[in-house]
Amino acid sequence: GAGAAARAEIFRSVLHEVRDETGVPLSALSRPRLIGAMVDAYGKPDLLFHTRTSFTAVQVGAARAGASEAWESNAVAAVSGTPCEVERAAPGGQGR
């Protein structure tokens, strides 16, 4: 139904945004996983997603040089490890 179509579009849009901002092709990205929601500094709601890539950090850096919307982000952080380690490394993470 309409709900399933809307959900599919959200996840598809996330992948396209990652591709556009990093240059990493869709084929090298995992399915996004919704991990949270927040309100940004301007009061706008944001959904937070986690995705993985088969690219190395060096390959992501090289791909980002040609990304069509690389200007939308000022940094890319490469994180390797368990989901708990990823959470701690994320901005605002607990850093345990």
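The model is predicted, so local features need pLDDT of at least 70 and side-chain atom pairs count only at pLDDT 80 or more, while totals for chains, interfaces and linings use all residues. Residues are numbered from 1 along each chain as its sequence is written, and side-chain values use heavy atoms, with hydrogens and water left out.

**Helix α1**

- Helix α1 covers residues 2-22; helices (H or I, at least four residues) and strands (E, at least two) are DSSP runs, numbered from the N terminus.
- F11, V14, L15, D20, E21 and T22 are buried in α1, where buried means under 20% relative accessible area, exposed over 50%, and partly exposed in between (1.4 Å probe, protein chains only).
- The cover over the buried residues of α1 includes β1 (33-39), β2 and α2 (57-64), with contact meaning heavy atoms within 4.5 Å.
- After α1 comes G23, which has a positive phi near 80°.

**Salt bridges**

- R12 and E9 pair up at 3.0 Å, N to O; they sit three residues apart in α1, so about one helical turn separates them.
- R12 is partly exposed at 41% relative accessibility, and E9 is also partly exposed, at 39%.
- D20 and R19 form a salt bridge at 2.9 Å, N to O; D20 is buried at 17% relative accessible area, whereas R19 is partly exposed at 28%.
- K44 and D46 meet at 2.9 Å, N to O; K44 is partly exposed at 46% relative accessibility, and D46 is partly exposed at 22%.

**Nonpolar surface patch**

- I10, L34 and L47 make up a nonpolar patch on the surface, with about 260 Å² of accessible area together.
- Patches are made of residues with over 30% relative accessible area and no salt bridge, joining like charges within 9 Å and nonpolar side chains (Val, Leu, Ile, Met, Phe, Trp, Tyr) within 5 Å.
- The areas come from the Shrake-Rupley method with a 1.4 Å probe, and for residues only the protein chains shown count as cover.
- L47 belongs to strand β2 (residues 45-50) and is partly exposed, with a relative accessible area of 47%.

Key: A salt bridge is a side-chain nitrogen of Lys or Arg within 4 Å of a carboxyl oxygen of Asp or Glu.
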